[in-house]
Amino acid sequence: MATILIIGTALLGLYMAWNIGANDVANSMADAVGSKSLSVRQAVIAAGLCNFAGAVLVGGHVTDTVRKGIVNPCTIAGSLNVSEAEAAAVVAIGMAAALLSAGIWLNFSSLLGMPVSTTHAIVGGVAGFGIVAGGWSVVNWGKMGQIVASWFISPVAGCVCAFIVFKLLGRFVLWRKQPVRAARYGVPVIVFFVTAVVTLATLYKGLKHVAGESVLFTGLGASLTSLGLGALLALGSAVLVRRYLRGKDSRPVGEQLGIVERAFAPVVAATSCTVAFAHGANDVANSVGPLAAVVHMLQAGTVIMKVAVPFWVLALGGAGIVIGLATYGYRVMYTVGRRITQLTPSRGVAADIAGTLVILICCRLKLPVSTTHTLVGAIFGVGLARGLGAVNKGVMRNIFGSWIITVPAAAVLSILLFLAGRWILLDLFTQAVRSSAGTFQP
Amino acid sequence: MGLIQEMFGQSPFGPLFEHTKKVHECVKQIRPLMEALVNEDFDEIHRLQDTVSKLEYEADEFKHEIREQLPRRYFLPVDRAELDRFLKSQDRIADAVEDFAVILLIRETRIHPDLREDFSTFVDQVLRVSTTLMKAAEEMLNLAESAFGGAQAESVLSLVSGLGEEEWKADRMQREISKKMYKLEKDLDPMTLLFYEKILRSLSGVANHAENTGDILRTMIVKG
């Protein structure tokens, strides 16, 4: 019985994941595809791999927040005077309702061409049912406050970061009298930095749920591994770049700039992959966060969640994203590549680094953010640094719209679905919980 | 989720350079026009004036297109007002060339033999001013690529200073011709003198507007 309910919720989660893969992932590769550094097919494959990797390796943190950070099941159990089993059932129903409402709202907005962030939808949905299930105090308003703040801060941080990175790129490569010579040093430095940061963000405090306890992956070992890997890749890139740029020092400056841009093409391909990685880490939670809660409720029968998010849940979300990407995302990626013609690799690198940094930091802080909004902020930062010919400020309106519309809408929908679900399915769920209580093997 | 796609508008710098090229094509007509005037080939002047008119019209079309592609909601790496002024100033160059062509057209003015060489040299200098502006504007795309900073910007700024110098030389030449022409005033009827004045004024207008355009380009680069 519990299995059936889990499968049902898993299907909902897969549906959300499919949507994310189909619509959202293309944005993470936009810089590589737009600057023609990767073909659409290459981008789809790379995005699939990186999204999946990000989802399973780093996705647990934000997923943890969605499953128990916004609405803590313990608090619900405490505030309703019911048995633990029934409380667990209520939470399971609510999470499923939140998932369903997010999926419905996503489709609805896409049909109407309205702005929508999957993150906003899920968070709104979860908070929504929580308020109705156990009253206002059930929602962890401290965490909610942090999350909402991160929604404002992440695009701004992306903007500032990209601005700084692009200015640095300018100062050390683009503005030089000899851009080609400068690029020989610039490219390896960038590769080092990006590799080290992404590796560290992944390894910090270990990959226990994947790789077990290993000195390589914890504490100081993690830092050293990151720096080491960064140095290794930087050296490799230095060799390749030198080979590519050999003999090009004497060309006129204008031509040199063009050559440097082409040298940056593999770099932006790599940084877009890191954005896809970060995207997977952040967005997988939107599809399987509630699922993780439901799984726990129905399998463990208790509201106390101390275990980490199960690997298979993250893998399921990752797989859903990849399937969505492969089936529908190809077309979206193609459109993105066709419509963005202004972006050159150097600009893409700056925006990607900023996006990856901000998203991964938020992931480690367990804060779910909108990856698209962060990227928008980053691209805007490059524009502010005078790197782009014309940037559409009107896009801001879409972002504000998502803040104002999506969260309440998803919350309301989730509440309605939750009330309906509780009325119809409470006994069913409670039974399922009771029958598995005590059989849980962490 | 087309947010990222919607962010990018068309960069105006390619079209801006196209406008400069078109205007320069227009300016290049001043030499054949002056030659035709010296050779008293008034049919040729008629034909050339047609060409200038067409080129000036085409430049106008570019101008309108550029303006249409830059609605307010687009944020630019240069000051929008300066970009507009650049466009307008460049437009005035073409207008001055058209003025020159029309002046030659409406009256069959004969150039005094003593002044022929001076007028030719003056035309060459004015053309030189416009060519220098072209060189600076040519760098527009490289400027955009280097985000208006660094070595690229510096080389354009130095070209623009060179432009100021060339325009100053043109001004000086104009004064010399005027002095010479008034020394010959007994040999020339008042209408002819008037037309010499108009010719000089329109030609120096071309040089002046070119220099102004260069100045605005400098502001665009520096102010951002």
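## Helix pair in chain B

The axes of helix α3 (residues 30-38) of chain B and helix α6 (residues 113-138) of chain B approach within 9 Å and cross at roughly 170°. Axes are lines fitted to C-alpha atoms, for helices over the stretch in contact, with angles from 0 to 180 degrees between N-to-C directions. Because angles over 145 degrees count as roughly antiparallel, α3(B) is roughly antiparallel to α6(B). Helices (H or I, at least four residues) and strands (E, at least two) are DSSP runs, numbered from the N terminus.

On the α3(B) side, the contact involves Ile30(B), Arg31(B), Met34(B) and Val38(B); α6(B) contributes Arg116(B), Phe119(B), Ser120(B), Val123(B), Val126(B) and Leu127(B). Residues are in contact if their C-beta atoms, placed from the backbone, lie within 7 Å. The contact comprises 7 nonpolar, 1 polar and 2 charged residues. Here Ala, Val, Leu, Ile, Met, Phe, Trp, Tyr, Cys and Pro count as nonpolar, Asp, Glu, Lys and Arg as charged, and the others, Gly among them, as polar.

## Basis of the model

The model is predicted: local features need pLDDT of at least 70 and side-chain atom pairs count only at pLDDT 80 or more, while totals for chains, interfaces and linings use all residues. Residues are numbered from 1 along each chain as its sequence is written, and chains are lettered from A and ligands numbered from 1 in the order in which they are written.

## Overall form of chain A

Chain A contains 16 helices and 1 strand. Its radius of gyration is 23 Å, close to the 22 Å that the globule rule gives for 442 residues, so chain A is as compact as a globular protein of that length. The radius is taken over C-alpha atoms, and the rule is 2.2 Å times the number of residues to the power 0.38.

Of the 442 residues in chain A, 62% are buried. A residue is buried with 20 or more other C-beta atoms within 10 Å of its own, exposed with 12 or fewer, and partly exposed in between.

## Ala53 of chain A

Ala53(A) belongs to helix α3 (residues 40-58) of chain A. With 18 other C-beta atoms within 10 Å, Ala53(A) is partly exposed. Leaving aside residues up to four places away in sequence, Ala53(A) touches Phe277(A) and Gly280(A).

## Contact between the chains

The contact takes 35 residues from chain A and 29 residues from chain B. The side of chain B that touches chain A has 16 nonpolar, 10 polar and 3 charged residues.

Key:
Two residues are in contact if their C-beta atoms, placed from the backbone, lie within 7 Å. Angles under 35 degrees count as roughly parallel, over 145 as roughly antiparallel, 65 to 115 as roughly perpendicular and the rest as oblique.
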